[in-house]
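Let's take a walk through a protein together, one step at a time. Have the sequence and the 3D view ready, and look for each residue as we come to it.

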Amino acid sequence: EGLRRLSLILSRMSEAVRLEQSLAATDREAYDLVPVVRGCVEGYRASSPGREITLGEPGEPLVVVGSPDLVALLLDKLVDNALGFARPGSAVEVELHRYGRTGTLSVRNEGKPLPASMDGRLFESMVSVRPDAGAGDAARGPHLGLGLYIVRLVAEFHGGSAGAHDRPDGRGVIVTVTLPLSRSPGRG
């Protein structure tokens, strides 16, 4: 069991290192964030039939420059975290908005607020707020605190940033990725 856990740890750590190294060589393209997020949310709904995952769309394109595959990876990490920390029976809400020349992707859940000790550290490598972060659960293996670090890397690759804060009503957390919008689909 110890060797299996060590192998999982090394595999996940090397995945994060490979992502860091591959970002410099990743081609950038202008694409609409809305259908990418919509497709991901449809997939989450299909793979998590007992969970409610909602999507709020802006009603207009949100064209960004980067990699749609990397945004799908980013959203996978955000939704996985939101589902993992959500109160049983509560919805996970994914929302897209435009604010001038900026687009935002937010994922919110109902659950415990963020620990004050994590302020400013949540998106660092190997940081987790899960109890016994190194143990994980039997089906998923150890939790290393790499998910939000990967979110930050992908946001920065797109020229954006990531942040987390407690919901205004105090009943959970909102993680928001802010990305600069492109002037038009082919121009970047």
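In which strand is Thr104 found? Thr104 is found in strand 5, where strands (E, at least two residues) and helices (H or I, at least four residues) are DSSP runs, numbered from the N terminus. This is a predicted model, in which local features need pLDDT of at least 70 and side-chain atom pairs count only at pLDDT 80 or more, while totals for chains, interfaces and linings use all residues. Residues are numbered from 1 along each chain as its sequence is written, and side-chain values use heavy atoms, with hydrogens and water left out.

Now stay with Thr104 for a moment. Thr104 has a relative accessible area of 7%, so it counts as buried; buried means under 20%, exposed means over 50%, and partly exposed lies in between, with a 1.4 Å probe and protein chains only. Leaving aside neighbours within four places in sequence, Thr104 is in contact (heavy atoms within 4.5 Å) with residues including Glu95, His97 and Thr178.

Let's step back to the whole protein. The protein has four helices and seven strands, and along the sequence they follow the pattern α-β-α-β-β-α-β-β-α-β-β. Of the 188 residues, 39% are buried. Among contacts with a separation of 6 or more, 70% are between residues 24 or more positions apart.

Next comes the inside. In soluble globular proteins, nonpolar side chains tend to be buried together. Leaving aside neighbours within four places in sequence, Leu75 touches Val37, Cys40, Tyr44, Val94, Leu105 and Val107.

How many of the eleven residues of helix 4 are buried? Nine of them are, so this helix is mostly covered. Among the buried ones are Leu148, Ile150 and Phe157. Just after helix 4, Gly159 takes a positive phi of about 80 degrees.

Let's finish with charges. Side chains of opposite charge can pair when their charged atoms come close. The protein has seven salt bridges, each a side-chain nitrogen of Lys or Arg within 4 Å of a carboxyl oxygen of Asp or Glu. One of them joins Glu60 and Arg98, at 2.9 Å from N to O. This pair links distant parts of the chain, with Glu60 in the loop between strand 2 (53–56) and strand 3 (63–66), and Arg98 in strand 4, 38 residues apart. Glu60 is partly exposed at 35% relative accessibility, and Arg98 is partly exposed at 31%.

Another salt bridge joins Arg171 and Glu110, with the closest N and O atoms 3.6 Å apart. Arg171 lies in the loop between strand 6 (161–166) and strand 7 and Glu110 in strand 5, so this pair ties together parts that are 61 residues apart in sequence. In helix 4, Glu156 forms a salt bridge with Arg152. Glu156 and Arg152 are separated by about one helical turn, because they are four residues apart in the helix. Finally, salt bridges that share partners join Glu110, Arg167, Asp169 and Arg171 into one network.
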